[in-house]
Amino acid sequence: MKFMLLIRGEDKFRQLSPTEAEAVLEKYFAWARRLRDEGRYLDGDALTDKGVLLKSAEGMVTDGPLPENKDIVGGYFTFTAESMEEAVEVCRDCPSLSYGGSAEVRQISLYE
Amino acid sequence: MNVDLAQLSRRTTAHLARKFGAKNFDDLEDSVQDAIAAALRTWPIHGVPDKPAAWLLKVAGNRLVDRWSSGARYVLMPDAALLLDEPESFTDDELKLLLLCCHPAISEEDQIAFTLKTVAGLGNRQIARAFLLEEATVAQRIVRAKARLRAEGAIVTLPHTSELAERMDAAHRVLYLIFSEGYSTTEGGMATNADMCLTAMSLLDSLMLNPFGESPTSHALAALFCFSFARLPARIAEDGSLLTLEDQDRTQYDSGWRERGLRHMSKCATGRVASVYHALAAISAEHTLAKSFSDTRWERIVEFYEHLLLKEPSPVHRVGYAIAVAMLKGHAQGLRELRSFAAPRLSSYFAAMAWMEEHLGLDASESKKLAASLTKNEAERKFLLSA
């Protein structure tokens, strides 16, 4: 089964000192490497905070960082797991969670 | 994974402070923080970039420019090269790979793309952006290059180690082309794509660290690059427009690059071969070292151009020669020189002609119009039309 991990609220990353950041980087590398080593990794990237919010075809466009700053999706991963339980386990030690981030795990539709 | 973020962030901050002043130090720090946060989120996925310092500097610089909302794009200036990670020597195999990319069966424009992709590790999109090409065009050039190699059976006949030194000409040529393309390409209205010039410089550095690649000609080429970098900060005005040699503020020339250029100059004078790059570097040295436009030793420049034209009588060099002649012997003489040949597709030919005509009190409007219509560089076009 395919899953998507949406990572929100990584704003604490901005408050880390370089040496703290280095520790996070190492954890993150290890986590991302494991995802790959286990053959789970499909795709992923970080999102910048530039964006617009459209609420209707002709309605207002909200420019720039979205209103609720801490809810911004900062990055995503897609990966495989046998079950939702396993997917949650994979995400549990995503380093973002230790730095004020939240992780939303969603199953991707397979048209099965 | 060995990344010293403390050192990287310190260097980036120091560099930005030097570049932009320490007046708004908070902004500098915030930008560096942003860049580090971006690194945390992207490096684990995409890997640590080849040049982490340059990567951080570029991201931080862009954030800074965003913050000050000028809408401009931060261009990695060549003095940032001092921040770049120490070049590593090419192995013999890497040298062979480079020579493969500049195989004579491949056309020059394809060699450039193929080398940047295969040796410098750039993506099609980066190459396309650097040279203002469609991504598909770059992809096509690379496919074509590989097809040529297949047709030549070149993949299986990498040059033998004993041939390396003598086949280095092709490598020099392609590095020179990458550098010149970068120097004359406009990006976001800026007159020079310093990234590409730096890429050429760093490939040359790696090349020269290999005993087969270290030669008087390599040093001459390196001197040429360094002198060009030295003059770069003065070449572009605050608003991104171009300044001629005559109008440049020479106190802005970068002394670090100048010194580096001189060191290479002193090493290129050995051996019997005086290459095209020796002449070009000597000309560039004269311009870089002259205190002002009028103090320039034009008699030496004319002489170097005469050497150059014996080796490579290209229209571009002939235009340079004509300008030097104009400075040494008067604009009428220079104009005669220009009119002794035709270069109907060369913008600088008509720009030089307009310059001479103006000095002689002649009507320069036609030459100016032609020069502006032929340039592919937006900054240059504005420059030509405003003068």
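Trainee: How many residues of chain A are in contact with chain B?
Mentor: 18 residues of chain A touch 16 residues of chain B. Two residues count as in contact if their C-beta atoms, placed from the backbone, lie within 7 Å. This is a predicted model, so local features need pLDDT of at least 70 and side-chain atom pairs count only at pLDDT 80 or more, while totals for chains, interfaces and linings use all residues. As for labels, residues are numbered from 1 along each chain as its sequence is written, and chains are lettered from A and ligands numbered from 1 in the order in which they are written.

Trainee: Which element of chain A gives the largest share of that side?
Mentor: H1(A) does, with 10 residues. The elements giving two or more residues are H1, strand E2 (41–46) and strand E5 (73–80) of chain A. Helices (H or I, at least four residues) and strands (E, at least two) are DSSP runs, numbered from the N terminus.

Trainee: And what classes do the residues on that side of chain A divide into?
Mentor: Nine nonpolar, four polar and five charged. Ala, Val, Leu, Ile, Met, Phe, Trp, Tyr, Cys and Pro count as nonpolar, Asp, Glu, Lys and Arg as charged, and the others, Gly among them, as polar.

Trainee: OK, at what angle do H1(A) and H2(B) pack?
Mentor: About 20°, with the axes of H1 (residues 18–37) of chain A and H2 (residues 25–46) of chain B 8 Å apart. Axes are lines fitted to C-alpha atoms, for helices over the stretch in contact, and angles run from 0 to 180 degrees between N-to-C directions. H1(A) and H2(B) are therefore roughly parallel; angles under 35 degrees count as that, over 145 as roughly antiparallel, 65 to 115 as roughly perpendicular and the rest as oblique.

Trainee: Which residues of H1(A) and H2(B) meet there?
Mentor: Among them are Tyr28(A) and Phe29(A) from H1(A), and Leu40(B) and Trp43(B) from H2(B). By class, that contact has 12 nonpolar, no polar and no charged residues.

Trainee: New topic: what order do the strands of the chain A sheet come in?
Mentor: E2-E5-E1-E6, four strands in an open sheet with antiparallel pairing. Two strands pair if DSSP finds at least two bridges between them. E2 and E6 (102–107) of chain A are the edges, each pairing on one side only.

Trainee: How many bridges join E2(A) to E5(A)?
Mentor: Five. Look at Tyr41(A), whose bridge partner in E5(A) is Phe79(A).

Trainee: Which helix lies across E2 and E5 of chain A?
Mentor: H2(B), running at about 160° to E2(A).
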